[in-house]
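The sequence and structure are shown first.

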Amino acid sequence: MHWYEKLNRYFPDEEMKSREHIELLLKEKDDIYKKSEDSFHVMMYVEMEDFTFIDYLYVSKEARGKGIGSRLLDDLKKRGCPIILEVEPVDYDDTDTRKRQRFYEREGFQHAESIGYSRKSLDTGERSQLEILYWSPRVESEESIYENMRKMYNLIHRYKDEEIYGEAYEDAEKALKYHRSKDKTT
């Protein structure tokens, strides 16, 4: 099965970029937008100088529990930079959401409690609440995580959005909110 089909079957429609969008990122932003893939996993990620953003991480059902996800994250952690990702909030009717959250917790990721994230899908028109998780080798302010997430939103999620989808994603300032009073690191 093609890597895009694996992602498209696993991730909710409102979180998926179109195949055209991801292929454009791989082609036109190949200096930062990367793909790691084998028969058991697909990972799309962005390597910036001072942080990494995981756009998608998929491990096949038959390979889960075998350490593949941990090894992929360990490889990214070796860069010594913060790692940021978006994840669905826990839905107790969907056990996969809780398993995903527990996996990232075991890997040392923290919930960015001071960052609110709500994105409107251009595909479905639905608004999705997402949580920002991050891992850092040092104490990192959630304000810096927020600033890096804003950068990613504009650089990756909004990349050629009007050209690809016929309309633009909302501004980062509308999708992402930083609540200084909830940031325990400032």
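The model is predicted. Pro82 belongs to the loop that runs between helix H3 (68–77) and strand E4 (83–87). Along the chain, Pro82 and Leu155 are 73 residues apart, and 18 Å separates their C-alpha atoms.

Two glutamates are also located in loops. Glu140 is placed between strand E7 (127–135) and helix H5 (142–157), while Glu170 is placed between helix H6 (161–165) and helix H7 (172–175). Glu140 counts as buried at 13% relative accessibility, and Glu170 counts as buried at 15%. The side chain of each glutamate takes part in a polar contact, as listed below.

| Side chain | Partner side chain | Polar contact |
|---|---|---|
| Glu140 | Ser136 | 3.4 Å |
| Glu170 | Arg127 | 2.7 Å |

A further point concerns charge at the surface. Which residues gather in a patch of positive charge there? The patch consists of Lys61, Arg64, Lys99, Arg102 and Arg106. One of these residues, Arg102, is part of helix H4 (residues 95–106). Is Arg102 buried or partly exposed? Arg102 has a relative accessible area of 36% and is therefore partly exposed, as this class covers values between the 20% limit for buried and the 50% limit for exposed residues.

Note on methods
Residues are numbered from 1 along each chain as its sequence is written. This is a predicted model: local features need pLDDT of at least 70, side-chain atom pairs count only at pLDDT 80 or more; totals for chains, interfaces and linings use all residues. Side-chain values use heavy atoms; hydrogens and water are left out. Patches are made of residues with over 30% relative accessible area and no salt bridge: like charges are joined within 9 Å, nonpolar side chains (Val, Leu, Ile, Met, Phe, Trp, Tyr) within 5 Å. Accessible areas come from the Shrake-Rupley method with a 1.4 Å probe; for residues, only the protein chains shown count as cover. A salt bridge is a side-chain nitrogen of Lys or Arg within 4 Å of a carboxyl oxygen of Asp or Glu. Lys and Arg count as positive and Asp and Glu as negative; His and the chain ends are not counted. The place of a charge is taken as NZ of Lys, CZ of Arg, CG of Asp or CD of Glu. Helices (H or I, at least four residues) and strands (E, at least two) are DSSP runs, numbered from the N terminus. Buried means under 20% relative accessible area, exposed over 50%, partly exposed in between (1.4 Å probe, protein chains only). A polar contact is a pair of N or O atoms within 3.5 Å; within protein, one must be able to donate a hydrogen and the other to accept it, and residues adjacent in sequence count only if both atoms are side-chain atoms.
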